[in-house]
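Okay, thanks everyone, let me get this up on the screen. I'd like to talk through where the parts of this one touch each other.

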Amino acid sequence: MTALHLRRAGMALAAILLLIWSLGPVYWALATSLMKPTDIAASPVNLVPPSITFEHYAKLVGGLFGQPDETGIWRDFLRALGNSLVLAGGATIATTAIAAIAAYAAVRLEFPGRNLVFYMIVATLAVPGYTVLIPLYRMMVGLGWVDTYGGIILIYISAYLPLSMWLMRSVYESLPLSIEEAAFLDGAGRLYTMVRIVMPLALPGLIAAAILTFLGAWGQFAVPLVFAPTAATKPLTVLIPEFATKNYVDYGLINAAGVFAMIPPALVVIFLNRFLLSGLMAGTGK
Amino acid sequence: MSTPDAALAPPFAAEVPKPGLLQRVSSDAGLGIVLALPVVILMAAFVFVPVALTAWDSFHRVTPMLPGEPFVGFRNYTRMLSDPAVRNAWWNTWFYVAAAVSLELVLGLGAALLLNGMKHGRRWLLAAVILPWALPPVVNAMVWSWIYNPHYGLLNGLLMRFGLIGEARVWMNDQASALICVTLVHVWRMMPLNAVILLAALQTIPRELYEAAEVDGAGRLKTLRLVTLPLISGALGIALTQSTITAFNIFDEAWILAKASALTRPIQGQIYMTAFQDLKFSYGMAMSITVMLVSILVSSVYVLRIYRETRFD
Amino acid sequence: MSGSGSGKNDKTPNMELEMRFSDHFRARRCVLGLPLALSAALVAAMAQAEEITVLLPGGGYPASVIEEFTAETGIEVDQQTLAWDQLHTRIITALVAGTAPADVIELDWSWVGQFGAAGWLEPLDDVLDPSALEQVSVLPIFQAGGKTLGAPYNNDFKMMVVNTAHLEKAGITAPPTTVDELLAAGRAVKEAGITEHPFGLPLSVGEATSTAWYLITMMYGGDLFDADGNPAFTDPESGGYKALEFIRTAVEEGLIDPASTAYGNPEVREAFKAGDISFILSDGPGPLSTYNDPEKSAIAGQSAASVVPNVSGETRTYGLPEALAVPSASGSKDAAVKFINFVMSKEMQENVYTLDGTLPTRKDALADLNAAGTLESGDAIVAQVGAVGPLFDGGTPPWYPPFSNAAAAAVNAVAIGQMSVDEAVASIARAAEDARAEY
């Protein structure tokens with residue numbers, strides 16, 4: 001009994017430490033976003049905003065609620081938020097789907113050069129952004145894909161596919177062959193087995209791959225900086241630094257925008273958690 | 001997870017010889033090619049060909065301010081060896097890789113084990129854990145530079161409030177503390193990635209295995225070492241590799257906390273300065289090709305090691 | 001534009017959206033229409049569709065300026081903006097790839113040598129409006145190889161900013177005009193306990209730090225290079241050497257906050273706005289309006305620009321203006337030049353100053369604004385503008401970036417106490433010679 005209590009207490013303590021570590025700096029961003037510009041630089045430091053203001057949030061979304069705002073920042077902000085959602089969402093769906101299929105091919109379908117292809121794709125994880133930047137830019141300009149959702153999403157896919165594919169391959173490898181065997185004996189085809197039988201079992205892996213891709217694409221900065229030059233495709237990560245001009249850095253506004261930017265990924269995780277939980281082996285009884 | 005040998009093993013159809021064996025194998029190969037081809041084309045166009053073009057440039061002198069692009073052989077590569085700035089940047093990078101990879105692995109595994117063992121509130125803790133990763137990089141950098149700010153920062157403020165230090169410290173003035181500060185920002189941001197990868201793997205371990213271990217009287221640590229870690233070795237390999245590669249790519253964190261300071265400048269910062277500020281483009285690209293090769297080499301050491309160690313389990 | 005903080009983002013995304021839609025609509029009509037209608041629509045589209053892209057930092061030009069330009073010329077403008085820190089990466093990527101980042105791009109004073117040597121920009125000598133060539137005194141900063149590569153639109157130069165209330169409290173009636181007075185004033189403010197560290201100066205390894213060192217070099221009457229292009233800061237009697245000694249003693253005496261070794265311009269400015277600093281030694285006219293804005297600053301109404309102190313009786317400073325340039329790879333050079341001439345007119349520079357605080361580069365526009373009383377700290381600014389010289393006589397050299405970085409690193413090392421002044425000047429001189437040897 002006491003051992004169990006001790007374990008519970010230990011876990012609770014670990015959870016609290018983990019929360020402080022993760023949320024401490026996030027709290028600081030939140031506190032800064034609620035401070036007046038004149039309270040931010042204070043010594044000794046203001047751990048709690050001395051007076052709370054919503055002026056920065058009003059600038060970002062006030063226009064939505066009919067508040068007059070001569071700066072027009074809210075339009076740029078909402079548009080960039082929409083762009084971020086489209087780019088990260090599109091990249092996530094495409095990458096996860098492609099990784100699910102390609103990794104299956106890499107595990108279960110014997111074709112010439114299979115391992116070479118797989119290892120080379122995984123090796124591209126190690127390609128630093130600068131290594132491909134200039135030739136890629138030339139190609140994108142040539143194809144007219146700069147400043148298009150499709151072009152940017154394709155770059156994201158090429159960046160996040162290797163990790164997702166590797167993750168999916170290791171998930172498929174851990175699935176017992178006997179399940180597929182049984183499906184084949186029932187006369188199911190390869191594609192049917194892959195989509196209907198194997199993928200549901202691999203769901204936690206797929207969800208993990210989707211979370212990784214979404215978060216990666218959501219935080220992408222270098223790619224959209226170069227490939228999303230206008231408001232048509234520019235995501236939040238590229239818009240937010242513009243709140244810092246050469247002469248004035250609007251810390252409150254930048255932090256408020258950052259706090260907003262954390263909401264969609266947090267929602268994604270809270271929502272997808274359920275599928276991540278669905279104990280893989282629950283029904284299979286290996 | 002199983003070993004690469006499992007991947008190399010013939011597919012199911014080959015294990016059960018049947019009249020249609022040949023047909024099935026070839027149709028499998030066909031289907032495999034059809035499924036893999038779009039990926040191969042995409043990766044070729046967006047990664048392999050650009051890398052090859054950049055590698056080609058690295059054997060030439062591509063400096064837009066000088067006329068022509070003559071072939072220079074390995075000169076851009078040999079030049080690195082005698083360049084003190086490059087050497088210094090490499091040392092900083094090795095520190096980041098060693099410190100970040102070990103911290104991210106330990107913290108990520110700890111977080112994943114904790115999340116996996118939780119019955120209530122797991123989704124909330126998981127959401128909290130990934131938040132650092134969701135904060136846009138520029139905001140992340142800004143928050144941390146305020147935390148480390150000698151006067152107005154949280155770190156000095158807290159340490160002084162609790163009487164741990166007498167006067168404000170300038171964290172970026174001393175190489176050891178500067179390197180640690182940069183590493184912490186990176187670990188804070190990237191640890192969630194490991195936590196998610198490892199949590200997904202932990203989810204695939206059947207509960208019965210733990211029960212069996214408990215019946216055998218194995219302690220928690222022994223279970224972790226003998227049951228858990230071998231079963232998630234594949235995911236550990238992925239986590240280690242991605243931490244290694246992202247640590248080799250550290251740039252923003254160092255740049256925003258300490259600008260171009262040589263005390264913290266990583267190799268990626270050196271590449272940026274060489275190729276984009278000083279416009280010695282091909283010299284910078286030679287460095288970036290080197291970083292790529294080194295990070296592949298280092299990662300494959302772990303991956304092979306992990307696969308070898310778990311082969312007979 | 002990077003003139004001021006407020007009102008930076010009055011872009012009209014709605015308009016852009018509308019334009020995009022109407023383009024699509026036009027395109028669709030072409031496909032579906034009768035051949036006759038199709039060719040007519042094509043001709044109309046071609047006549048109408050001249051569009052240029054403009055890439056600028058901050059919020060770019062105010063929407064009303066763009067609208068006026070389109071109304072006058074029929075040329076549509078797709079204005080693209082980026083944060084200042086990221087603009088350089090974006091521009092270099094496109095230029096190295098052999099493409100135009102936009103038809104009109106930002107050109108910072110520090111890029112001129114590189115971009116000129118690379119042949120990336122279109123010379124503007126023959127196409128710029130003659131009145132602009134005449135009225136803009138900082139034009140030589142944007143010349144490389146005898147050609148004018150940029151039209152300066154944002155007049156930035158170094159000057160000192162002081163907290164007048166702090167000075168009054170310390171019993172100082174007028175801002176210091178000599179270096180000795182400056183030091184005396186700093187010590188007086190510190191002794192009176194008004195601020196612990198009266199001088200604000202960025203000392204991290206970045207461009208803000210090297211440019212601050214150049215300014216203090218000029219305060220001591222020095223130059224960076226002699227007429228033959230050799231380093232002129234190694235002699236202990238030279239301005240550059242004395243500037244490093246000034247920084248070292250000021251840090252040692254506590255006149256400059258030791259924390260400044262982690263600061264760039266934004267952090268120094270925050271400290272000034274919080275009232276923790278009495279002088280920003282190396283600032284510009286741009287942020288003044290922010291300092292005096294009670295919403296953003298705790299010392300509103302107390303800050304004023306002040307001429308750069310000196311040792312010779314004559315104030316000196318240098319310009320760091322920003323210009324508009326046309327990449328050689330642009331496909332709409334004529335329209336791009338039209339845009340540049342439009343915004344470079346006297347009326348438009350005055351208009352933009354009132355809209356977003358971008359300080360005009362034209363002497364006639366500055367004189368007008370000062371006469372009308374709309375120029376903040378107008379007299380000091382006009383006095384200082386007369387003393388603005390280029391940092392490099394023949395335009396910014398192509399090896400400027402590595403030199404600037406070496407200077408910042410050395411100044412930072414001196415401030416931390418890792419390097420003596422002698423070692424620092426030697427390391428900067430070595431870097432300058434190495435960098436020059438490559439070209």
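Quick definition before anything else: the domain bounds I'll quote come from an automatic or database domain assignment. For chain A, that assignment gives domain 1 (1-53) and domain 2 (59-277).

Some housekeeping. This is a predicted model, so to speak of local features we need pLDDT of at least 70, side-chain atom pairs count only at pLDDT 80 or more, and totals for chains, interfaces and linings use all residues. Residues are numbered from 1 along each chain as its sequence is written, while chains are lettered from A and ligands numbered from 1 in the order in which they are written.

Back to chain A. The C-alpha centres of its domain 1 and domain 2 are 30 Å apart. Seven residues of domain 1 are in contact with six of domain 2, contact being C-beta atoms, placed from the backbone, within 7 Å.

Who supplies the domain 1 side? The elements giving two or more residues are α1 (2-33) and α2 (37-40) of chain A; helices here are DSSP runs of H or I, at least four residues, numbered from the N terminus. α1(A) gives the most, with four residues.

Now chains C and B. Here 24 residues of chain C are in contact with 20 residues of chain B. On the chain C side, α4 (84-96), α5 (112-118) and α17 (400-416) each supply at least two residues, and α17(C) gives the most, with seven.

Methods: Contact = placed C-beta atoms within 7 Å.
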